[in-house]
Structures are given as structure tokens and as C-alpha cells.
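Visitor: Please take me through this model slowly, and tell me each time what a word is taken to mean.

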Amino acid sequence: MGFFSKLFAGLKKTKESIANKINSIFVGELDDEFFEELEYVLISSDIGADATEEIIEEVKKLSKKQKVKTADDFKALLRSVMVQILNDANNDEISFPALITFVGVNGVGKTTAIGKIAHKFKNEHKNVLMVAGDTFRAAASDQLTEWAKRSGVRIVKYSEGADPAAVVFDGISSAQAKHDDVVLVDTAGRLQNKSNLMEELKKIDRIINQKWEGNHKNYLVIDATTGQNALSQVETFNEFVGIDGIVLTKLDGTAKGGIVFAIAKQFGIPVKYVGVGEGIDDLLEFNAEEFVNGII
Amino acid sequence: MALFGSLSEKLSHVFSKLTKRGVLTELEIKNAMREIRIALLEADVNFLVVKDLVSKISEKCSGERVLKSLTPGQQVIKIVNEELTALMGSTNSKLTIASKPPTIILMCGLQGAGKTTMCGKLAKMLKKQGKKPLLVACDIYRPAAINQLKVVGKSVDVEVYDEGTNKPEKTAQNALKYAEKKGYDVVIIDTAGRLHINEELMNELKNIKKVVNPTEILLTVDSMTGQDAVTVAETFNNDLDITGVILTKLDGDTRGGAALSIKAVTGKPIKFCGVGEKMDDIEPFYPDRMASRILDMGDVLTLIEKAQANVSEEEAKKLEKKLRENSFTFEDYLQQFDQMKKMGNIADILNMIPGASKFKFNANMIDEKQIARNKAIIQSMTPYERRNPDVIKGSQKKRIAAGSGTSIQEVNALLKQFYQSKELMKQMANGKGRFRMPF
């Protein structure tokens, strides 16, 4: 199933989808009331007050220059501006062998995302290794082990309470010995204002940089229902370990994940994957056009 | 959030010219309302709730009270704060206990909101209150979810009832019988996280509700939730007629505007907050404190309460004087470590200080283990050095590091941190009104 159809399946379930809202407002003229309603649609998607204002100002300016008169043309212009923001982020491709560390606050769906991404790489005939670096949350490694079974990939894990850096170290040794193509490292959820936990993450990152010779990426997993706090998450995680991409999860609900526009604008960090369900196939590579279509 | 200055500052800027003229113009009110609107939206209060609030606040601000006030900025903040507090309900609500045991608590919410952890916290809290709780595992979907509840149950020494992947409504029903037989007086049912638009799973919850007839149906919501909080809360409330809300992960730096939105659309009270990963990290919900947090005014009340309970008045006065004179030394620092330890987690305390979000705290300031090392470093300084840290140069650092079993880097880090704290304290001591140290 394609990105848009999956996304749209989710949207259809909502009683009043954003798409309907915007269609109804595009009937009118381009007056103050129109822009106020437009603001409502964008802010309701968690794009944020600042980013919304900037987007609307830019589209206003462009629409004057291009003498846009019809609602359809305006909509097309708005879409292209929004797509541009997302595509302007620095998006460098992964090369193999690759190690990806998944970081984020508690409960965003890191473990589930790893399960799905492992399956995706496995389908591309890559040798995948999971590393259960969340030694803190009760039964976290059991959960990851279940995903490893489902997708038939190897996993390196320690018992609860072990030093996550040690697990990662062993995981890398194992991957090097077996010449794995992809290493997916799970980490415990941590709130970005807990400095000791952030330091722990930095230590893990340092060990990877010392020991791993292949491509190394850090992906920040963000729950699509998150509001403006996602910016604080990106800022702090980026400061501590450097973030190369975003995995936006739980996009199958009614939340739109509009915060990624502000993330792209302020930090230039691209969205790599979106999660659209709990099944093993419910993961899609990010596509800016289709994502924007899902919002307006 | 560091990216946006606090509302109080923006408002004082809006009203800065006012003292000269003494009259609040329509334009100034309009500008102030704009700032309030943005602040509330940045705090993730729902767009429509904000619109409603701002029009109410605007009306109140146009009254005489503000016009004649000497500090209009603070008056406006006060009005905003009052409106927010009123909207969230004026007092905190307690857990309802069934007149005929057992009390049945049904937990529900989206994936990753923190239900399982919260079940453990509730069980521990109730146990402390002399109750005998039983945990029931009804999340049969997420891999290892039952196992997670078992580990949580073990850590709080509470039995966990499960029937593997049997139907949740059956498990819940049997758990009740088991509880009655074994004399448990509270039954806490953990359920799978689900999307509010997943009809099948929402029906499952309705069925559990039907068979167990819960005393409390608590919706667990992540405090970082954005605009969608309204849709989620509304749907859960319509489907299940929830009795209350639990806000989780409030130990983060989110402003938590979702709390306001949820209260506004459901009318249901927020009963508890999760404030950390330990099983004791649960607190009652205080609407007034939440209002201050949403406005980024700090949780001064909690801080004052904690400080009052742990710092004697004499000590506090001495400290305040030192802060004002900026004659704070390493000796005071050492004393502070001990006092803060008595007050609880230092990171929590720092977050309660108004405007504290603006300052970047050194990681070492919040790591409790590091504090023990820092204490050792200070204790390895001579009394003269503690009072005059400027004299600590290379050779002294070497001696101190050796004496405390640490490294020169750590000594340097502590010195840096000391000067940073001193700078922070200076700024707070010099600040007007809301920056005043509360102890």
C-alpha cells in the first residue's frame, strides 16, 4: 500500500478530516477571515504559531507576485511552499554497512519502529542485527526480542539493568564478526531535560563512533501527537548526539505531526520514516508531497 | 522552552512604556492579547480553547482594574492565571473509593502514554495508604506488555493477575472474582494502548467496562501531547464516560497546555501527574500550579512548600542575604547540596524556579552521583579556598583533584559550574518580582 493510501485510510476514519476543513475554507475569497481559518488548519496540525505565521506570510507574498486568484491555485502554492520546507532539510543517504541508533523520549515507539525497520531491511536482503540498548524499562528487551523473531533477524541483548554502553559494544563486535549490513540500536526512552540520562546517551554515541567504522546515523523518534515540545526534544538530542533524521510515529491516528515543518525550518533535519500502525509492514519511507497532501 | 521568552517578559515589554502615560490603550491590550495567544499556542493549548480564553481575558483586561493598576503587565498575568486556574477546576480531586470493596480502576489511553508505569505508581501509592491492591494485565497485544506489568508489580510488591492472551474482558472478570476471594480491596486494570479511532479496540474497552463496572475510568495522557489532545480526550470520554485524567511525563520540560484543553472539552478532573520513572513519582494535580507552568511562570508554590519543609527560616534568611550581596561561597554551596538533597530531586527543583527554563544548566548540576563527587572536591579545598575560589589555580587544582580522588577536569567543571550558579543567582536576586528567590 502506498504512502498516501495508508495515510488516507487513517484520515478517513476521522469524522472531520483536515482535508475537508481546508476544502470548505478554500471556497471563499482570500480575505482576513480566510487567512484566519487557514491559520486554524495549520495550527491544529501542530505546525506551531511561529511556523504557521511564516508559512502564511510567504504564501501571501507569493500569491500577490503570481497574481493568484482561484482557490485551487492558492492551494497548490501553499502545498509547494510546505513541500519545499520539508525537502530543504539536509537529507543524506545511508550507505552500508550502517548503524542506526534510535533515540527519543519515553513512549514514542522506538522499539516498535526498530521492529518495522528491521523487517524492511530484511526484505531488501540485508543482514540485520538488533541491539537491545534499553536495559532500563521493564521487559523492553523482551519486547525487542519478539520483534526480532517476527522479522527473523539476530539480536544482542543483556539482562535488565546492564550498562547499555556494554551491550552496544558487544553488539558492534558481533556485527563486525558476522559482517552484518545493518545494525539497529534501541535505547531507553529519556526526557531531554534529564542531563544524566543524556550524558549516558552521549557515552553510547562515543563508543559507537570509536568502534564502528561504517555509516552511523542517529534517528530521533517523535510521536506524531507531540506538540511544541518536540522542538525542545530535537534541540537537546541534537546537541548531545547529533540527529540525522526523524522517525515520525503513530501517524495513523488523528494527529498530523505538523511539528516536522518547524523541525525542518529550524534544524534542517529531515523526516526519514513514518509509522502508520502496529503491524510489521506499517512503516513508510517519508515523502514530502504525500505528507503535505495528508494535511491540506 | 528556551526558544521563546517567557510570557511575563513579553508582556512587560508590551507595557513598558505604560508607566509614563498611565493609561492602557486599546492597541496595548491588543498587543498583549497577541502575546498571550502565542504563549498559549506554544504551550500546546488547543486553538479553539485559546480563542475562547483570549476573548474572555481581553474583556476582563479592558476593565478599570487594569487601567488604574501600577503594574499592568503583572495584572494581566494575574488575570490570565486566574482564568486558566478556573478553567482547570479550582481544587485537586481525589481517587474515588468504592463504598463496597473492591474499588475498580480501569486505565485507558493511547499507545506510549505511560499506562503500565502509572498502574505501578497507583498501586504503590494505594498500598502506602493501607490498601491491598491487585494489578490486572489486560494488554494482550503489545509484545511483552504483560511481562512489563509483572516486573513493575514485582518492584512495588503487588500481585499481578494475568491469563496470558485470553480475552481482556474475560481476564478482567475473572480477576474480580480472584480479588474478592483473596481479599484485595483495589483492582487496577491495565489495558492496551489504542487509538481513539480504532472502533474494534474501543469496543473492547466498552465491554470491559460493562463486565467490571469500574469505580474509576482514568484516561492516561502524555503531557507533551499537542493539538490532538482534544480529539483524543473527547472520543475516550464519549465512548467510556471517563471519571478522570492522569497526566504523565510532567517531569519533562513540556509546558503541558494539553491539560487545559482536555479539561475544557471533557470537564473531567485531572487527578494525578506522573513526574518521573521511579514508582514514587506520582503527585496529585494542582490546577493553579499547572496554570503557572503553562504560562512558564515556574511552579513557585511547590518550590516554596518544599523549601519551607526543609530549610529553616534562619538558614533561608542568611542565604537570601548572601544571594543579594552575591557573596555566595563554596561553603554555602556545600550546604546547599545537603539542603537540596533533603528537598528531593534537584532537577525537579530547578524546573520549579520561574524563568529557569531560560538558563542552560550544567549537566553536573543535576546528576546526584556527580554531586557526591563535587562534595568531595569542595571538602578537599582549604577553608580559605572555599571562601575565595579565585585563588584556585593549577597547583591547587592538582592537590584538590588528588585529595578528592577526582580529576583536574572535574575540578575545573565544578569551578565553572560554581561561577555559572553564582551568575544565575545574581540574575535571580536582581530580578524584579517573579525572579525573587522564594526562600
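Visitor: What makes the pairing of A:Gly189 with the side chain of A:Asn106 a polar contact?

Guide: In this predicted model, the backbone oxygen of A:Gly189 lies 3.4 Å from a polar atom of the side chain of A:Asn106. A polar contact is a pair of N or O atoms within 3.5 Å, where, within protein, one atom must be able to donate a hydrogen and the other to accept it, and where residues adjacent in sequence count only if both atoms are side-chain atoms. The value of 3.4 Å therefore falls within the limit of 3.5 Å, and the pair counts as a polar contact.

Visitor: Which ground rules stand behind such values?

Guide: Because the model is predicted, local features need pLDDT of at least 70 and side-chain atom pairs count only at pLDDT 80 or more, while totals for chains, interfaces and linings use all residues, and side-chain values use heavy atoms, with hydrogens and water left out. Residues are numbered from 1 along each chain as its sequence is written, and chains are lettered from A and ligands numbered from 1 in the order in which they are written.

Visitor: Why is A:Asn106 called buried?

Guide: Buried means under 20% relative accessible area, exposed means over 50%, and partly exposed is in between, with a 1.4 Å probe and protein chains only. A:Asn106 has a relative accessible area of 18%, and therefore counts as buried. Its place is in the loop between strand 1 (98-103) and helix 6 (110-123) of chain A, where helices (H or I, at least four residues) and strands (E, at least two) are DSSP runs numbered from the N terminus.

Visitor: Which residues is A:Asn106 in contact with, leaving aside its neighbours within four places in sequence?

Guide: Contact means heavy atoms within 4.5 Å. On that basis A:Asn106 is in contact with A:Gly189, A:Arg190 and A:Leu191, and also with B:Gly112, B:Lys249 and B:Glu277.

Visitor: How do you know that A:Arg190 is buried?

Guide: The relative accessible area of A:Arg190 is 1%, which is under the limit, and A:Arg190 is therefore buried. This residue is in the loop between strand 4 (182-187) and helix 9 (195-211) of chain A. The backbone oxygen of A:Leu197 lies 2.7 Å from a polar atom of the A:Arg190 side chain. Beyond four places in sequence, its contacts include A:Gly104, A:Val105 and A:Phe237; A:Gly104 and A:Arg190 are 86 residues apart in sequence, with 6.3 Å from C-alpha to C-alpha.

Visitor: Why is helix 7 of chain B described as largely enclosed?

Guide: Of its 14 residues, 10 are buried, so helix 7 of chain B is largely enclosed by the rest of the structure. Among the buried residues are B:Lys115, B:Cys119 and B:Leu126. The expected span of a helix is 1.5 Å times one less than its number of residues; helix 7 (residues 115-128) reaches 20 Å from its first C-alpha to its last, close to the 20 Å expected.

Visitor: Where is a peptide bond with omega of about 0 degrees?

Guide: A cis peptide bond with that omega joins A:Phe96 and A:Pro97, and another, with omega of about 5 degrees, joins B:Pro101 and B:Pro102.
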